[in-house]
Amino acid sequence: MGALVLRRFGALLAVLFGLACIVFVLQTVIPSDPARAMVGANASQEAVEAKKAELGYDDPLPQQFTQYLQRLAQGDLQSSLRTRNEVTADLREFAPATFELAFSAFVLAVAMGLGLGLLLAGGGRAGRIIRIFLIGGASVPAFLTGLLLILVFYSWLGILPASGRVGDNFIVPDGPTNLLVVDSIIGGTPDLTLDALKHLILPALTLALLPALAIARTLSTSLTQVEREDYVRTARSKGLTERTVLLKHALRNASGPALTMSGLQVGLMLGGVVVVERIFAWPGIGLYIDQSIAYSDFPAITGATLLLGTAYVLVNFFVDLTQAWADPRIRTV
Amino acid sequence: MTGTGPVLDVQDLHVTFASSGGDVHAVRGASLQIAPGEVVGLVGESGSGKSVLGLTALGLLPRKPEPRLEGVVLLDGLDMITATDEDMRARRGTDISAVFQDPMGSLNPSMRIGAQVAEAAGGATDEEVAEMLAATGIPEPEHKARAYPHELSGGLRQRVMIAMALSRHPKLIIADEPTTALDVTVQAKVLDLLAAASRERGVALLLVTHDLGVAARICDRIAVAYAGRIVEEGTAAQLLQQPHHPYTVGLLASRPRLDGSIAGGDLPTLPGRPPDPRLPLAGCAFAPRCPAADAQCAGPLAIHVNGERRNECHHPGVLTRWPEGGPHAGRRDPILLKAPNPVVAPAMVRGVPPEPAVVVRGAVREFERPKPFPFAKRPAPFTAVAGVDLEVPHAGSVAIVGESGSGKSTLLRMIVGLLEPTAGDVTLGPGAPPQMIFQDAGASLTPWMPIGKQIEERLAALDVPSSERGARVAATLEAVGLPAEAQTAVPRALSGGQRQRAAIARAIAVPPALLACDEPVSALDVSLAAQVLNLLCHLRETLDIALLFVTHDLAAARAVADEVVVMQRGEIVERAATEDLFTDPQHPYTRELLAAVPEIHAMAVPA
Amino acid sequence: MTRRTTTLLAVLAAGALAVTGCGSAEKTDSASSSSGDSKTLRIPYLADMSVPDPDVFYDIEGNGVILSQYEGLLKYKAGTLDIEPNLATEYEVSDDGKTYTFTLRDDVTFHSGPKMTCDSVKAAFQRRVDVDQAPAWMLADVKSMTCENATTFVIELKNKVTPFLHYMASSWGPKVVGPEAIETNAGDDFGQTFLETKGDGTGPYKLSSFKRGSAYTLTKNAEYWGTPANFEEVILSITPDMGTQRLKLEKGDLDVILHGFPASELESLPDSVTVEKQDSLLRLILYVNSNKAPFNDPAVRAGLQSTIDTNQLVEQGYSDTAEKSTGIYPPGLLPGEPKLPYTPDPAKAKAAADKAKTKKLTLAYSADESGVQRRVGELLQAQLKTAGYDVTIKEVQLPTVYGWAENLEEAPDLAIMTNTPDGAHPDLWASIMFSSTGGLNFLGAKNEKIDANLGKAISLPPEEADPLYKEIAQEVIDDNKFFLLGDVKNVFVMQDSLTGLSNTPAYPWLVDFAALKRGE
Amino acid sequence: MSAITRVGGPASRMWRGRPALSPGALKGETVWHALIPVAILSLVILIAPVLAPYGGTDVNPVGALQSPSPDAWFGTDEIGRDVFSRILIGIRTSWFAALGVILLGTIIGGLIGAIAGAFGGKVDMVLMRITDLFLSLPAPVLAIAVIAAMGPSLRNTLIALSIVWWPWYARIVRGEVRALAARPHAEAAQLAGVSRTRLVLKHLLPGAAAPVIVTMSLDVGNLILALAGLSFIGLGAPPPAPELGAMSARGLQYLFGHPWVPIAPAAAVALLALAANLLGDAINRRLDQRTTR
């Protein structure tokens, strides 16, 4: 297992380096003029040139690349054109909200995917009908789903808040994790925890819908396949209950593809946060990207891409290890 | 519960699966009783319904497609047909348990051995698990209990299965082809273990197998299944020595045997195929293939019961030996095939002294092992073949015999050129490049390409003019006994035997100097295997092809080879003319192999 | 909302419910508590503002945060374009027009406590110069600033700048920033870091929290020298989606939507919400790229006068929230200016277009939340199509727009923008828009006559300058490089319960937070 | 990363006892038969705009933002264009845009996968590491960055999506080809003297057709949704192109007053995605059934 972790970690580093390269390529092909945008409309041409030199846009590409890597190693992602802050500082500010949302959505997606996958694998009419509903639901663009959810649960039923991370009648604690749910639990304010959770439900649900379907589909397929495996028959021949057979024998062995799918779905979810955070006014990286796009704020966009990419790669790293844990055959290879 | 009645009582069982192409009648009125502690063999070819019967007793028939059940299957008094799922579940493990064929697939890959055994026992301490494992002859049971299935050998895994089956002292164990996937020597040990366990603990055993020899080794009583019915039943001795049903006679006859060579002649074969399970049956199901059948056989079933013996033949005992002559009697016309492209087959020109088909000198093959982690030192390579010398004479026939891991397949693949030797030389004789017949015929054919096309490809590669290819393909198909329609069929549309014939057809479309066969019949039913072996022998004779035959089946080797080579751990341990090797084995390993072969001794047939 | 609409939505929502299948088992009524009280005013922003630093800030979104915290010496009187005193009670301009003497209030204290003196005003003005960001140009002509005494602030200019008083009243004009930024937390960047999230001003509200991406909170300044604010607190929450804003407004969780509400949807609002349409200086403009074919040909450009149907653009694009422009300057800035002569005439349009070297045009519009510029772009595309042009539309972001000037050959042929002058003076509009070096002259329109007139007019008294501004207007009309399409209104969508709406045309998208109250 | 390297693994594991005979066990023609419904749907979608009473950018004389009526079945949008007509045309745009990305992805991915799978060894390792790199990146985020860098246009959007989409196909094709190459039939063909190219084209690649087709059909819906999402944040097809996602995203502001403007195209997206999904499932089941029998 140790060797496996080591090997996967090597791959992780390679992928991160690749990600950095891709982001650098993106930065260099940008058509608009960040220096100009930075100094403002009324600035002189000299000021623009000076800014360009300061940002290093005049240097030859290889030099820019090494400088870029050096900066990256120091955690320097340049300054946002819009907020005029260090992008790193901005990301630090916005990341916890997205982490909280994406994590909740991930848990929700896995839970829904698990339940629905079991239901679908069970087959029967109910499974088929649910599948069609699910596909239909996941086929609606997320922005519409989001707004309709707000309409139902906020406007009509009035049981859930429409937007934001927390009601404005609460005092938001300053840290330590900046994850509201965690912080409020640490701070011992259950009403805040409850409020934060309520704010999480709708955006997390919107975000989780599509991944849940993908996970459910993968799980049901591999469950159906595993059902045909001899060891499931063996398990039955031992006189185990169907429940034990399913949970102890079938599910664990069927979990591999579903786990892989969950990891991959995180990528989709990280893309989805841009839409969902905008609809639900969720102050996270997605909103940051959305606003940066409107401002052609490339240091911000590429910085956020780098962060989300890293998060995604890390998630898949852990998914990989989980899989190795679930399937001992992988471990020894 | 009843102490004296049968532990399993199957009466007039019908099992039908609904499928899109019509109902599939897997079992058509089978009856079978097993007394407590009795070891019964249920023998039949694939499609005979033997496995379905076993699964019905376990209450574990697949749910899709949904089976329809009629009749009575009393397991220690409980009717497994009418019982609720829960009742059946409660019986499994405690009253009835199972050992399945593929010991790799039958164990949960992600669960430790010990946990699986403990689970089978309905909960057990580590010590108890170790005891159970030890009882089935597993060394270091405490250590093995912590292993995962893929870390054990096939034989050990099957022992684990047996330990699980025995763990709650059931009254009956269904063993479905428990040794088919194992090496001969392991097979013998596992069979003996099963028999011993059954006898010592008084557990009844239903041994489901396609191999009469396996059944003969340990069974008190044998039942022969054909087309969903038990066509003959009796004590092992009775049935093997005096078979009453022609099918049993045929099965016995077509089995290659260690003590009788067919060299020069044909193995007796069963012509035709079992009836289509989708069609209704009238009269004796075997009649269409039976040399002794007459008009009466189409009439209502005749069931003869005489004490322990029972058979369903209209004329029991009418056949004491199977008539000579295989299905190829009228089909030995190799003329078309004998006109190969002279450019590719100069050896065919008369008068040239024949060179050996292949000469192997000091062949070594090593395989690299993966590094345990990056930057680690690469471990020493694994040596599959460790310096082997071998010669196959022109049009000769050599069999390489050994168990899995002996390096026999690696050697074969080096000879045909699929693998490069790490050291040593492989010198091929003149003629078309060697061809190979694989164990899994279906897998050796490209699934989506019509048979004709696949044969044509080979012709094209050897520059046979396109105008001649059509005729050549047709002739080849005929030569291997395939209908002309096979040309446009994809492999899936053919039966297992037909697929192997198609693979052979491709190999001999332009006769190669050497035809390498890697376990060509081990996946086939006995009667089909005999047909294919016959075919290979005929082709060798008529086309002057040298055969190099890799097999774990000593009987099959004896049937086809002039010379036999025994391999163990990458080396040749013994080499001898076939007769000599079987009558006077020199190397202890050869003797061990021979002793392990499930053999039916002192048989009356063929007389 | 019509009955049918509601039913349709109900069906869809029920579907959504069934699809998601879970919802919440919890039932609670606290989801939308504390709304509609008289203590908190809730206002959404569609996006984050850049920074709450008056010497850096040069956008529109966020001006409420600036203007309710900070005050200038002068301001525009509510509902008018007239200048009135603010922190200065009176002002005096010397005869040569170069020296401005402001008499300051003596009863003003900063949020941080200290009293405002002339020195603090001077320090604040100096900060603008030192920070030297976009709005610093307003003080570029200052020669010296002196404090004659605690309440007398004298500014001497290098040359005469007639609209200088408008600079002082502008939304982006110099503001009096308090000592917290200038002294205590000045650091090495004149307190810019401090002012990224905090503030110290003199206005009716102080910035109590600035959480980027979520909300900015303003708290009532109890020590305010003027009429104290009615609401204890103003929460400006970032709510990027208009649909979400609307649902929250309907539910009473928001009080005023300041801008971006789609005009066509105003009618579907419930009765609990009122819509106020107020004049502004915002103007919808069509830029013409005269540096490349086909519009480098004056005749082809002139043809646009007969091609563009401003009536349709304004009516269909803006419903009732804009009026067709009648002059080059925002209404009220220059009485008696030349009237815009645009009249659709298909035959003339076609004739001019036939002369065009190429009929393939690109039309850019800057992205805006309500999509109104896109709508106008699409309508214009159709109009140009009738004349025979083949138009590709694309949406652009502001930094891209700034980049056009560097490569005018690659820049689009036409561009639609909505701009506003910094203040209510003809020069503030003309010099930024039409001057060859104007900051908003994105497509590099050059006209020496305009440049010369602008240079002259800035130092002339109104009676002499106005004819020049009129000449400029005529030149812009004749040159056909800018087409003034519409005068856009401020549209405030607010709770019916709110009263005290007060705004001024020169401060776009803004109501006076302090004047708003609930009830009566 | 290697989590992804095993995507094809478990599927092959199910063919117990014998080497992977994955969906390739199909007769070649039958795989293409599975595509017939897709072709029919494409044809219908291709000619559907004929039924459109108005052009994609033409104005319906009933006026702007009119509710659905016999004169304008799905109402009109903010410019007065006929929503029904735009949807018929938009379905075509969206469908073929999605198909285009998928085809491009399949071609690039298929090529890389086939080369990697057929050659194995170092070639396989290098190509698959590159594929893994792309696969390890969060596709939509990357697409956003790419489009933001290249500027929004339907073409750039499709290019960006293709860049992030092909690795999936490379993985699938490579996995199948690898599994098939390990089967005896590849060796048998080799022994029969078949050339390397022919081996790949005729004996290995067709086996990957079935799983690729299934993935493709399931992807159509995902892609249309991805396009819609990108349009929503301003990175989709530029106006006035009647692309469904862009129509729905841009019409979102009319949701409450004139709901047909955003909902009709969204429903079309859902319908299209649903059709593609069901089609994919059906193909999947069909191919699966044939091979498990």
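**Around helix α12 of chain A, and beyond**

Helices here are DSSP runs of H or I with at least four residues, strands are DSSP runs of E with at least two, and both are numbered from the N terminus. The model is a predicted one, in which local features need pLDDT of at least 70 and side-chain atom pairs count only at pLDDT 80 or more, while totals for chains, interfaces and linings use all residues. Residues are numbered from 1 along each chain as its sequence is written, chains are lettered from A and ligands numbered from 1 in the order in which they are written, and side-chain values use heavy atoms, with hydrogens and water left out.

Helix α12 of chain A spans residues 285-294, and nine of its ten residues are buried. Buried means under 20% relative accessible area, exposed means over 50%, and partly exposed lies in between, with a 1.4 Å probe and protein chains only. The buried residues of α12(A) are Ile285(A), Gly286(A), Leu287(A), Tyr288(A), Ile289(A), Asp290(A), Gln291(A), Ser292(A) and Ile293(A).

Part of the surroundings of α12(A) is helix α11 (residues 242-279) of chain A; the two helices pack at an angle of about 90°, with their axes 7 Å apart. The axes are lines fitted to C-alpha atoms, for helices over the stretch in contact, and angles run from 0 to 180 degrees between N-to-C directions. The pair α11(A) and α12(A) is therefore roughly perpendicular. That label covers 65 to 115 degrees; angles under 35 count as roughly parallel, over 145 as roughly antiparallel, and the rest as oblique. From α11(A), Val273(A), Val274(A), Glu277(A) and Arg278(A) meet Ile285(A), Gly286(A), Leu287(A), Ile289(A) and Asp290(A) of α12(A). Contact means heavy atoms within 4.5 Å. By class, the residues of this contact divide into five nonpolar, one polar and three charged. Ala, Val, Leu, Ile, Met, Phe, Trp, Tyr, Cys and Pro count as nonpolar, Asp, Glu, Lys and Arg as charged, and the others, Gly among them, as polar.

The loop between α11 and α12 of chain A holds Ala281(A). Ala281(A) is not a glycine, yet its phi is positive, at about 45°. With a relative accessible area of 3%, Ala281(A) is buried. Elsewhere in chain A, Gln78(A) lies in the loop between α4 (61-73) and α5 (87-122). Gln78(A) also has a positive phi, near 70°, in a residue other than glycine, and counts as buried at 13% relative accessibility.

Next come the nonpolar cores. Such a core is a set of buried Ala, Val, Leu, Ile, Met, Phe, Trp, Tyr and Cys residues joined through side-chain atoms within 4.5 Å. The largest has 150 residues, of which Phe143(A), Leu161(D) and Ile233(D) touch the most other members. Helix α10 (residues 196-232) of chain D gives the most to this core, with 17 residues. Leaving out residues up to four places away in sequence, Leu161(D) touches Val101(D), Ala143(D), Leu223(D), Ala226(D), Leu227(D) and Leu230(D). A second, separate core of 140 residues includes Leu287(A), Leu73(C), Phe194(C) and Tyr507(C). Leu287(A) is also one of the α12(A) residues that meet α11(A).

Chain C has 14 helices and 21 strands. Of the 520 residues in chain C, 58% are buried. The peptide bond from Ala293(C) to Pro294(C) is cis, with omega near 0°. Pro294(C) sits in the loop between β13 (283-288) and α7 (298-307) of chain C.

Chain B contains 19 helices and 21 strands, and 58% of its 607 residues count as buried. One residue to look at is Leu411(B), in helix α11 (residues 408-416) of chain B. Leu411(B) counts as buried, at 1% relative accessibility. Apart from neighbours within four places in sequence, Leu411(B) is in contact with Val360(B), Val385(B), Val388(B), Leu390(B), Ile400(B) and Met567(B). Another is Ile162(B), in helix α6 (residues 154-166) of chain B, which counts as buried at 0% relative accessibility. Not counting residues up to four places away in sequence, Ile162(B) touches Val99(B), Thr136(B), Val190(B), Leu193(B) and Leu194(B).
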